[in-house]
Amino acid sequence: MLTKLLRFGRRQLHTIVSREIIKPSSPTPSRNRTYNLSVLDQVAIETHTPVVAFYPNIDQSSHDKTPELKNSLSKTLTQYYPFAGRVKKYRPTFVDCNDEGVEYIEASNDSSLSDFLQRSNHEDLHPLFPNDLLWFDPHIRGDSEGVTCPLAVQVNKFACGGVAVASTLSHKVGDARSLLNFINHWAAVNAKKDTSLINPNIIPCQSVNYSKLPSYIKARSRDGCVTRSFYFPDRKLNDLKAKVIAIAKEAGQPIEKPTKIEVLSWLIHNRAMTAAAKNNSGTLKPSGMAFPTDLRSMMVEKLPGTTLGNLIVVIDFPTKNQSELAPHFTVGEMRKGKAAFQSIPNFEAALEIAATMPPEVAQETSKRLDESYIYSSLYRFPTSDIDFGWGKPVKLTLGGTIKNLVIFYAAPDDNGIEASVCLEKEDMEILQNDPELLAFC
């Protein structure tokens, strides 16, 4: 497979070099051969989460990193054994942990890593991922049969010796936190570090078929959309906090200690909605805000951060008019939703709530989320610490494009927040030149 990227007059060649299957280094015990998916797994969106981390050439020798990567991946799969099994392509209810292994792909790019990152837009990252598994699998439909592996990996080597490690995980088996935990574990094994404190926490679930329950979030089109990154340094975020506090105080709705994510979500949503209105004859389009939120640390009885699976709930509320774009409304609604989930006593109670949700409520929730902008934060996850023994990544990001999706990351220097924003092209053209947004970039 040969992919050509043309950027600034230079044609980059990206070539698939090899494919093979990597199996766990030790067989999975018979008692763990069936991994039942929870109700939160089964109602998760039919998609793959794509993550890629970029590493410069720290080792200037000709040492080939490939054998070590394969060996450490094999050892890691022994701990993450559901990832090396097989699931039904559509609406799975369990993973057959049969140790058949994951696909490991190697690719080469004739550009240097620095040139690639400097010259490429977000959409140019697509060839770095295995089998076009960027969120929505083009090969899976409602009538799809057969089985597939939940995880795939592609290691991309650049002409300078730099490496981009890309992984995609079926959302039916785990959320983005699960995938990042896996990559962090793989990196630690490769770097010969102690992994006893980061081994996955795997919770057994009962065998119950929830496949007829609707997914809360539907597949979204990526046609006509572009993704761009905006960097907000801490000093500018402090200025934004002060602005939000002043606006809320003037409105008689004071906000105490707004967080960086709260104020940044408000700013981006306000300006994105304004951009969409300008492309709609000045009329504000009714929409909403949705925040996928990690349950692990939110419930009364907390779970370890390394817990495997979909531990995600969604806080959402409408933004139909100008008054609902005010910061005190946005931050207030975010906090109300968070407080409601913080009252959930434990994981079993969370599963019960999801399993007993009336179908009409689930359908209405799905419809509402389909019209919302989604704000997802990886800001607190230590992505910059994922070290394969080559040093910290110069960049880590989710690939692909999803309409009206915003993802927050810690800036590479830990001084601020990077926001990856995906909008329709016409809306992005306005947002990129919006002085009210750029004042804080």
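This is a predicted model: local features need pLDDT of at least 70, side-chain atom pairs count only at pLDDT 80 or more; totals for chains, interfaces and linings use all residues.

Trainee: Where does K192 sit, then?
Mentor: K192 is in the loop between α4 (176-190) and β11.

Trainee: Is K192 buried or exposed?
Mentor: K192 has 70% relative accessibility. The cut-off for exposed is over 50%, so K192 counts as exposed.

Trainee: And how far is K192 from N109?
Mentor: Their C-alpha atoms are separated by 28 Å, and the two residues are 83 apart along the chain.

Trainee: Back to α4. How many of its 15 residues are buried?
Mentor: In α4, 13 of the 15 are buried, which leaves the helix mostly covered. From first C-alpha to last, α4 reaches 21 Å, close to the 21 Å expected at 1.5 Å a residue.

Trainee: Let's switch to the sheet. What's the strand order?
Mentor: The order is β11-β17-β16-β14-β12-β13, an open sheet of six strands with mixed pairing. β11 (225-232) and β13 stand at the edges with a single partner strand each, so one side of each has no neighbour in the sheet. From one strand to the next, the twist averages 20°.

Trainee: How does β16 pair with β14, and how with β17?
Mentor: β14 (residues 373-377) pairs with β16 in the parallel sense, over four bridges. β17 (residues 417-424) pairs with β16 in the antiparallel sense, over six bridges.

Trainee: Can you give me partners to look for? Which residue of β16 bridges to S376?
Mentor: That's I407. On the β17 side, A410 has I417 as its bridge partner.

Trainee: What's in the hairpin of β16 and β17?
Mentor: There are six residues between the strands, and D414 takes a positive phi near 60°.

Trainee: Why is β16 called largely enclosed?
Mentor: Because six of the six residues of β16 (residues 405-410) are buried. In a regular strand, side chains alternate between the two faces of the sheet. In β16 both faces are covered: L405, I407 and Y409 are buried on one side, and V406, F408 and A410 on the other.

Trainee: Which helix lies across the sheet?
Mentor: α6 lies across β11, β12, β13, β14, β16 and β17, and runs at about 155° to β14.

Trainee: How do α5 and α6 pack?
Mentor: They pack at an angle of about 75°, with their axes 9 Å apart. The range for roughly perpendicular is 65 to 115 degrees, and α5 and α6 therefore fall in that group. Residues in the contact include L237, L240 and V244 of α5, and V263, L264 and W266 of α6. By class, the contact has eight nonpolar, no polar and three charged residues.

Trainee: Last one, α7. Which of its residues are buried?
Mentor: In α7 (residues 327-342), the buried ones are P327, F329, T330, V331, E333, M334 and G337.

Trainee: What covers the buried residues of α7?
Mentor: The cover includes α5 (234-250), α6 (260-278), β12 (287-294) and β13 (312-319).

Trainee: And what span should α7 have?
Mentor: With 16 residues at 1.5 Å a residue, α7 should span 22 Å, and its end C-alpha atoms are 22 Å apart, which agrees.

Technical notes: Residues are numbered from 1 along each chain as its sequence is written. Side-chain values use heavy atoms; hydrogens and water are left out. Buried means under 20% relative accessible area, exposed over 50%, partly exposed in between (1.4 Å probe, protein chains only). Helices (H or I, at least four residues) and strands (E, at least two) are DSSP runs, numbered from the N terminus. Two strands pair if DSSP finds at least two bridges between them. The expected span of a helix is 1.5 Å times one less than its number of residues. Contact means heavy atoms within 4.5 Å. Axes are lines fitted to C-alpha atoms, for helices over the stretch in contact, and angles run from 0 to 180 degrees between N-to-C directions. Angles under 35 degrees count as roughly parallel, over 145 as roughly antiparallel, 65 to 115 as roughly perpendicular and the rest as oblique. Ala, Val, Leu, Ile, Met, Phe, Trp, Tyr, Cys and Pro count as nonpolar, Asp, Glu, Lys and Arg as charged, and the others, Gly among them, as polar.
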